Amino acid sequence: MNLKAAKGDLDSRIFDTINIILLVAFTIIIVVPLWNVVVSSFSSGRSLAEGGFIFWPTEFSLENYQAVFRDAGIWQAFFISVAKTLVGVITHVFFCAMVGYGLSKKYVRGRKFYVAMGVVTMFFSGGMIPTYLLIKDLGLLNSFWVYIIPALLSFYDVIILMNFFRNVPDSLEESAKIDGGGDWRIFLSIFIPLSMPAMATIALFNGVGQWNDFMTTKLYITDQSLYPLQMMLYEIIVQSQTQSMQNIGSVAIQTTTKGVQLATIVVTTLPIVVMYPILQRYFISGMMLGAVKE
């Protein structure tokens, strides 16, 4: 028995050691490239011209960030990104909550049919060309609302909220109705406050998607005043690659473009990095409570 216990304890220690090694290696694989991007963004053009991995800037410089913030287009793009993310998240979460609240009621006529229709949209879509024609017919081309209206509904988020609302005790709704509360009063005063963990989870996922989205701009926007930060970053990368392929300009100009590109990456990523720790505590509770049925 002692030999078996000792062998089992040894196997457990070996297994724990392997897990720690794999975790450390995985962390290094993720952290080191991110560190290189941040440090390189604070390096001078001469340091970037030398190439190679930069663990610490040999020539610390803020020229790249000064070039980013001097560009009026960057500030305009930042405003568009913030506006479309805030408006998009608020409208998306509220709209999905309304649909989920309605579909969570068993007495709603045609409820199963509506749910089935919504599930179909999770697996099939009209495609890029029909979607473009629809956006064009709706008059949303070169409009700020092309960022908002097509992203109002995600049936995956509706299902999460719908199952979350089902877990709310019926006695709360019945008490509110006895006191004269209508559906809107019950929805806004009872269900919305109780569903904050699930709504915060959905808001963060949707916010990250809105912030990182540039395909909507590439497909439907030609007015540069409506470009978000991600589209500006895309333009910088494309211009840098084109300049490199055509071998136009000096090495100093190319490395400066690379530095501006890295600085723009840091600027566009920083808001998400800051917001994620604030809302991450809602992830487990929100996803689990919204996914469990009675």
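How far apart do the end C-alpha atoms of residues 186-205 lie, and how much of the span is helix? The ends are 26 Å apart, and the span is 95% helix and 0% strand. Helices here (H or I, at least four residues) and strands (E, at least two) are DSSP runs, numbered from the N terminus.

This is a predicted model, in which local features need pLDDT of at least 70, side-chain atom pairs count only at pLDDT 80 or more, and totals for chains, interfaces and linings use all residues. Residues are numbered from 1 along each chain as its sequence is written, and side-chain values use heavy atoms, with hydrogens and water left out.

The span comes from a record. An unreviewed UniProt entry lists "transmembrane region" for residues 20-38, 74-101, 113-132, 144-165, 186-205 and 260-279. UniProt positions follow the numbering used here, feature names are shortened, and annotations may be inferred rather than shown by experiment. Residues 20-38 are 100% helix and 0% strand, with end C-alpha atoms 26 Å apart.

Now the packing. A nonpolar core is a set of buried Ala, Val, Leu, Ile, Met, Phe, Trp, Tyr and Cys residues joined through side-chain atoms within 4.5 Å. Buried means under 20% relative accessible area, exposed over 50%, and partly exposed in between (1.4 Å probe, protein chains only). The largest core has 25 residues, and Ala97, Leu161, Phe165, Phe187 and Phe191 touch the most other members. Helix 4 (72-103), helix 7 (155-166), helix 9 (183-194) and helix 10 each give two or more residues to this core. Helix 7 supplies the largest share, seven residues.

Take Leu161. Beyond its neighbours within four places in sequence, Leu161 is in contact (heavy atoms within 4.5 Å) with Val93, Cys96, Ala97, Ala198, Met199 and Ile202. A second, separate core holds 23 residues, including Ile135, Leu140, Trp211 and Met231.

His92 sits in helix 4. His92 counts as buried because its relative accessible area is 2%. Leaving out residues up to four places away in sequence, His92 touches Ala151, Leu152, Leu153, Ser154, Asp157, Ile202 and Asn206.

Gly207 belongs to helix 10 (residues 196-212). Gly207 is also buried, at 9% relative accessible area. Gly207 and Met275 are 68 residues apart in sequence, yet 9.8 Å apart in space, C-alpha to C-alpha.

Finally, a loop. Asn142 lies between helix 6 (128-137) and helix 7. Asn142 is partly exposed, at 36% relative accessibility. Asn142 has a positive phi of about 55°, although it is not a glycine. Most residues other than glycine have a negative phi.
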